[in-house]
Amino acid sequence: MDKILETDGERLLVAVRNLLEAKGLVTTAEITERRAITDAANPGQGARMVAKAWTDPAYRVAMLSDGAKAAEALGIPMRGMPPLGVLENTAELHNLVVCTLCSCYPRAVLGYPPFWFKSAAYRARAVRDPRGLLAEWGTHLPEAMKLRVVDSTADYRWMVLPMRPAGTEGWSEEKLASIVREGDMIGVTIPAA
Amino acid sequence: MLAPGSQVLVKNDWPETRGPCHIRTPHYLRGHRGVVVRQFGAFPNPEDLAFARPAARVPLYHVAFSRQDIWPEGSDRDELLVEIYEHWLEPVGAAS
Amino acid sequence: MHDLGGASKFMCEPVDIEAHALTDFDREVDALRQLLGAKEIMGVDELRRGIEAIPEADYLRLSYYRKWIRSITGNLLQKGVITEAELRAELDAGQGRV
């Protein structure tokens, strides 16, 4: 069996799909539909949550206590998704998310995990040399700031609620959401006005 | 049940050396001490799910560790926060 | 090999922070995995166990979703959802069509 598994992945996929379809287990239409749902999730959804938390104190509290409920409140589909926890950055504490064992990622609110999140270098270095890792993105934390690395090993998925940058006073939620990037919600970068 | 603030020791156990398994406790934490931050409720044990066996629900905790306890280089202000299932944790007595 | 936290061999390796677009193949493997989970044919922990069983050289060489399809296929064979003979025949038929 090991030998047949060494077949090129693209050929394996076609063969497995054909067999599952012939057995009535998985149809092409289902794959197309599932793919469309997955493609629709993107960092813009997490960014909307962040912007709302920045402007609505009650939403911020709700989001920190149950990320999945807070996502659903903005119409983001969470059914069948793992629980979502939210880690709040403050002037004293910066959060960074990694999965050292595989690539657990808050897909419901950020979409597919980016290449770097899945890479061996990111997974190895995040827990051992997190400040050196952040420097790859040009992110430098003050020496006195506590850095908390959250290794996402089990049933929860984690997103970071970054600090609202100075110079954004009076901005609308839409404008605030537009400055929040994927990396800000994993903790490798920090949003700027 | 482990209360928030409890000192715990991650078991220094290596099932990998005994045969096929699927473990969600990272190797770098085994044998290290941490502090329980909160409990998340109970989830089916992935060590059984991975083999499609019936899986009992086990309590899951967020446990904090000092990064420098594990790797001496770097800042002493870094913390690691990791989800760990209860069967991997041993309470550390007040006397020890 | 999968348990990478702090692994010395990667400590000096830079992170490739550029965006890499997913291919149709990647997206289809992803969708297939989700469907197998939703239909309770194969769970995510079974996927992970299958990936962890990939020998180190292949683990580091194969792309993310090539590891996934190898694990998915291995799991489906182990569980008897498909047989090796069926898979062989399907692969041979596909080869003929190319």
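## Chain A with chain C

Eight salt bridges are found across the interface of chain A and chain C, a salt bridge being a side-chain nitrogen of Lys or Arg within 4 Å of a carboxyl oxygen of Asp or Glu. One salt bridge joins C:Glu28 to A:Arg17, with 2.3 Å between the closest N and O atoms. The side of chain A that touches chain C draws at least two residues from each of α1 (2-5), α2 (9-22), α3 (28-40), α8 (115-118) and α9 (120-128) of chain A, and α2(A) gives the most, with eleven residues; helices here are DSSP runs (H or I, at least four residues), numbered from the N terminus. By class, that side of chain A has 26 nonpolar, seven polar and 18 charged residues, where Ala, Val, Leu, Ile, Met, Phe, Trp, Tyr, Cys and Pro count as nonpolar, Asp, Glu, Lys and Arg as charged, and the others, Gly among them, as polar.

In contact terms (heavy atoms within 4.5 Å), 51 residues of chain A meet 54 residues of chain C. The area buried between these two chains is about 5100 Å², with 64% given by carbon and sulfur atoms; buried area is the accessible area (1.4 Å probe) that two parts lose on being put together, summed over both.

## Basis of the values

The model is predicted: local features need pLDDT of at least 70, side-chain atom pairs count only at pLDDT 80 or more, and totals for chains, interfaces and linings use all residues. Residues are numbered from 1 along each chain as its sequence is written, chains are lettered from A and ligands numbered from 1 in the order in which they are written, and side-chain values use heavy atoms, with hydrogens and water left out.

## Chain C with chain B

Nine residues from chain C and 14 residues from chain B take part in the contact, and the two chains bury about 930 Å² between them, 46% of it on carbon and sulfur atoms. Within chain C, the residues that lose the most area to chain B are C:Asp3, C:Asp45 and C:Arg49, together 51% of what that side buries. Zero salt bridges are found across this interface of chain C and chain B, and the side of chain C that touches chain B has no nonpolar, two polar and seven charged residues.

## Two helices of chain C

The axes of helix α1 (residues 24-38) and helix α4 (residues 64-78) of chain C come within 9 Å and cross at roughly 35°, the axes being lines fitted to C-alpha atoms over the stretch in contact, with angles from 0 to 180 degrees between N-to-C directions. Among the residues making the contact are C:Phe25 and C:Leu36 of α1(C) and C:Trp68 and C:Ile72 of α4(C). By class, this contact has nine nonpolar, no polar and four charged residues.
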